[in-house]
Amino acid sequence: MVELLPSILSADFARLGEEVQAAERGGGTVIHVDVMDGHFVPNLTLGPPVVKSLRRVTDLPLDCHMMIENPDEFVEAFAEAGTNWMSVHYEACRHLHRSLELIAHHGLQPGVVINPATSVDLLIPVLGMVHHVLVMSVNPGFGGQSFIPYSLKKIQRLKELRQELGLSYRIEVDGGVAHDTIAMVVEAGAELLVAGNAVFGAGHPERDARALLEAAQQAAATV
Ligand code: DX5
Ligand code: ZN
């Protein structure tokens, strides 16, 4: 089943609660929260206090995408703040297996993320441990960038591997997912569709989330 994950990075942070609730009315079923530290990526965003506030305005799962160095140090604080899903970058974890175990130990759904230049096959040893695999279809750090077409091959490869290995992880895609790309990512096999600019960028999150989800569902019906 395809699901839309509005990414709050492109929301109006001064009206975050209303923005999230509007995206939820438009059909968003998981809220994607981009955590950046200014080191792993060249931008800064938010930490556990914002997650705690979000927890009060929605019952939807909160999907924290950790674009930080040493994510292990923050798992507990994000778990206590109300995070439900947490994905860590292959490129940021010196001991990825340990990080994923730590996330699961805190009761969160563990996920692993890869940058555009990282091969899916490097993840084979940990695919059995994760609830979701996140394919970055832009270089992480900013909203509103253009979709990198090679990401489609990576999504297809993850779908093949899931079948071959008899696993059940879900395939998530993040970056440049918008009206002109959403059908392609769904056809390639992505099910968890993160969208920031395409949901919040025009200031009509309910309307734009609904239109995107409808386009995704139409594409899914033809697969
Ligand atoms: C980028 C973030 C994304 C971002 C996507 O580093 O991980 O979640 O919000 O933004 P769009 O959908 O605008 O490409
Ligand atoms: Zn993200």
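**Figure 1. Cys93 and Cys64 in the predicted model.** The sulfur of Cys93 lies 14 Å from the closest cysteine sulfur, that of Cys64, which is too far for a bond. This is a predicted model, in which local features need pLDDT of at least 70, side-chain atom pairs count only at pLDDT 80 or more, and totals for chains, interfaces and linings use all residues; side-chain values use heavy atoms, with hydrogens and water left out. Residues are numbered from 1 along each chain as its sequence is written, while chains are lettered from A and ligands numbered from 1 in the order in which they are written. A disulfide is a covalent bond between the sulfur atoms of two cysteines. Here the term is applied to a pair of cysteine sulfur atoms within 2.5 Å, and the structure holds 0 disulfides. Cys64 is in none, its nearest cysteine sulfur being that of Cys93 at 14 Å. Are these two cysteines buried or exposed? Cys93 is buried, at 12% relative accessible area, and Cys64 is buried too, at 0%. Buried means under 20% relative accessible area, exposed means over 50%, and partly exposed lies in between (1.4 Å probe, protein chains only).

**Figure 2. The whole protein chain, for orientation.** The protein chain has 8 helices and 8 strands. Helices (H or I, at least four residues) and strands (E, at least two) are DSSP runs, numbered from the N terminus. The C-alpha trace spans about 40 × 40 × 30 Å along its principal axes. For 223 residues, a compact globule would have a radius of gyration near 17 Å, and the 16 Å of the protein chain agrees with this. That radius is taken over C-alpha atoms, and the globule rule is 2.2 Å times the number of residues to the power 0.38. Of the 223 residues, 53% count as buried. The accessible surface comes to about 9800 Å², and carbon and sulfur atoms hold 50% of this area; the areas come from the Shrake-Rupley method with a 1.4 Å probe, and for residues only the protein chains shown count as cover. Among contacts with a separation of 6 or more, 65% join residues 24 or more positions apart, where contact means heavy atoms within 4.5 Å. The chain carries 15 positive and 27 negative charges, and their mean positions are 2 Å apart. Lys and Arg count as positive and Asp and Glu as negative, without His and the chain ends; each charge is placed at NZ of Lys, CZ of Arg, CG of Asp or CD of Glu.

**Figure 3. Met86 and Ser87 in strand S4.** Ser87 lies in strand S4, residues 85–89, and Met86 is found in strand S4 as well. Met86 is buried, with a relative accessible area of 0%, and Ser87 is buried with a value of 0%. Leaving out residues up to four places away in sequence, Met86 touches a set that includes Cys64, Met66, Phe78, Ile103, Leu108 and His132. With the same exclusion, the partners of Ser87 include Asp63, Cys64, His65, Val112, His132 and Leu134. Met86 and Leu62 are 24 residues apart in sequence, and their C-alpha atoms are 8.4 Å apart in space.

**Figure 4. Thr58, between helix H2 and strand S3.** Thr58 sits in the loop between helix H2 (48–57) and strand S3 (62–67). With 3% relative accessible area, Thr58 is buried. Beyond residues up to four places away in sequence, Thr58 touches Val20, Glu24 and Ile31. Glu24 is 34 residues from Thr58 along the chain, and 8.4 Å separates their C-alpha atoms.

Figure 5. Asn70 is in the loop between S3 and helix H3 (75–81). Its phi is near 50°, a positive value in a residue other than glycine. Most residues other than glycine have a negative phi. Asn70 is partly exposed, at 47% relative accessible area.

**Figure 6. Val120, between strands S5 and S6.** The loop that holds Val120 runs between strand S5 (109–114) and strand S6 (132–136). Val120 counts as buried at 3% relative accessibility. Apart from neighbours within four places in sequence, Val120 is in contact with Ile114, Lys154, Arg157, Leu158 and Leu161. Lys153 is 33 residues away along the chain, with its C-alpha atom 9.6 Å from that of Val120.

**Figure 7. Asn197 in helix H7.** Helix H7 covers residues 197–200 and includes Asn197. Asn197 is partly exposed, with a relative accessible area of 45%. Not counting residues up to four places away in sequence, Asn197 touches Ser10, Gly144 and Ala202. Ile8 is 189 residues from Asn197 along the chain, while their C-alpha atoms are separated by 9.0 Å.
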